[in-house]
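Thanks for coming. I will go through one structure today, starting with a loop and then moving to the helices and the core.

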Amino acid sequence: MNRALLACALPMLLAAAPSPYAARVAHVLKATPLIDGHNDWAESLRGREGEGRWTLDLRAGLDGRPIPYNTDIARLRQGMVGGQFWSVWVDSGLPPLEQVKETLEQIDLVKDIVARYPQTFALARTADDVRRIHKSGRIASMIGVEGGNQIDDSLSVLRAYHDLGAGYLTLTHSKTIDWADSATDDPRHDGLTPFGEAVVHELNRLGMLVDLSHVSEATMRGALRVSQAPVIFSHSSARALDDHPRDVSDDVLKLVAANGGVVMVNFAPSYLTEAHRHWGADEAAEKVRLNAPPFGGLYIGQPAKAAAAMAQWHRDHPEPRVTLGDVADHIEHIARVAGIDHVGIGSDFDGVDNSLPDGLTDVSTYPALLAELMRRGWSDDAVAKLAGGNILRVMARAEAVAAAMQGELPGTATEAALDAAKR
């Protein structure tokens with residue numbers, strides 16, 4: 001960040017991060033870009049604003065919208081963000097070609113945001129791009145495609161996304177797909193199919209990052225076995241602290257360390273504490289118990305009664321408190337098990353319906369998290385690795401692997417041909 005921007009940001013940083021850590025955080029983030037692995041701002045803009053997404057003023061005040069956003073330019077500056085992977089997510093229940101179309105539109109929206117605010121954002125493809133853009137005082141903008149379902153079982157579609165600027169592919173979202181098992185759906189493949197392995201190989205050849213957030217543990221292990229480049233978890237946490245299948249077990253954390261990858265810690269409360277995970281499951285069950293058309297529910301067909309009963313349930317069962325300290329606990333656990341070189345930040349801002357930890361409610365709050373780690377004894381060098389150094393190393397290594405594979409022709413295998421023997 002250049003000196004003028006740092007001077008603007010520092011007063012707000014001082015308010016957010018307790019002395020004496022504010023100055024240290026500012027020093028770290030001047031030299032190392034803070035890079036978040038996952039933000040759903042573009043997808044939320046599309047869903048909430050419709051055609052207005054192309055013209056909405058993104059500079060400030062989006063926290064005052066009817067549904068508050070976690071992100072706008074003023075708060076990105078306040079949070080001293082240096083780089084962001086913008087997620088392009090589409091509903092996996094859509095017809096396959098519609099998913100491809102909507103993914104292209106989401107990529108276009110990210111590029112449009114960058115073009116509308118060139119003094120704030122610049123597109124980045126490489127680790128060197130990120131460093132250069134950060135030094136210029138702008139926010140390096142990368143693109144992550146959040147679901148293997150979005151390639152419609154086609155390596156050609158994957159390559160098209162790469163050519164348009166996509167920097168990673170999340171192998172699944174919430175549903176198991178034809179070639180990979182999801183963490184939150186019934187497994188069908190015991191991980192990756194042969195075509196799934198071909199997707200990982202093609203990602204390596206292209207220099208795109210293999211993202212293992214949302215995938216089953218068997219898929220994690222399969223991808224770690226076949227990937228020649230370091231993998232990422234763009235927005236996941238530690239399963240030892242919260243036994244959610246979206247999180248990463250200690251055994252897999254050790255494999256990530258051996259692979260050279262990075263786990264970027266998620267801020268969503270249900271992935272952070274057992275208490276919140278159980279409360280969320282109870283809440284979902286109560287909604288079904290009260291009203292589950294067309295056949296189930298105590299107050300089926302009576303939405304007003306169901307809503308009143310649900311409101312009473314919330315009064316009787318308050319949501320468990322989750323805090324910035326819980327996020328710091330996950331970061332420290334991953335650092336202990338995998339090593340300080342293998343942890344990062346992947347907030348999931350604007351993707352969790354404003355259900356966020358106390359102290360980490362929007363993109364202005366990253367400095368407070370880094371200050372908390374310093375309070376716990378983290379050195380400036382360790383904080384720099386967490387903030388952006390680790391993901392930059394992973395990006396650079398993936399680029400080197402891709403360069404070594406450039407003698408290979410693009411993959412042409414199809415899912416039907418490769419996986420026929422497994423059916």
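Is Asp152 buried, partly exposed or exposed? Asp152 is partly exposed, at a relative accessible area of 28%; buried means under 20%, exposed over 50%, and partly exposed in between, with a 1.4 Å probe and protein chains only.

Before going on, the basis. This is a predicted model, in which local features need pLDDT of at least 70 and side-chain atom pairs count only at pLDDT 80 or more, while totals for chains, interfaces and linings use all residues. Residues are numbered from 1 along each chain as its sequence is written, and side-chain values use heavy atoms, with hydrogens and water left out.

Back to the loop. Asp152 sits between β4 and α7 and has a positive phi of about 55° although it is not a glycine. Asp153 is in the loop between β4 and α7 too, with a positive phi of about 55° and a relative accessible area of 25%, so partly exposed. Most residues other than glycine have a negative phi, and most peptide bonds are trans. Pro294 belongs to the loop between α11 (274–290) and α12 (303–316). Helices here are DSSP runs of H or I with at least four residues, strands are runs of E with at least two, and both are numbered from the N terminus.

Next, helix α5, residues 96–116. Its 21 residues reach 30 Å from first C-alpha to last, close to the 30 Å expected at 1.5 Å a residue, where the expected span is 1.5 Å times one less than the number of residues. Its buried residues include Gln99, Glu102, Thr103, Gln106 and Ile107. Among the elements covering them are α3 (41–49), β2 (81–88) and α7 (155–163); contact means heavy atoms within 4.5 Å.

Which residues have the most contacts inside the largest nonpolar core? They are Phe121, Leu169, Leu171, Trp179, Val199 and Leu212, in a core of 95 residues. Such a core is a set of buried Ala, Val, Leu, Ile, Met, Phe, Trp, Tyr and Cys residues joined through side-chain atoms within 4.5 Å. A second, separate core has 22 residues, including Ala127, Val262, Leu392 and Val394. Leu212 touches Leu171, Met220, Ala223, Leu224, Val231, Ile232 and Phe233, leaving out residues up to four places away in sequence.

That is the tour; questions are welcome.
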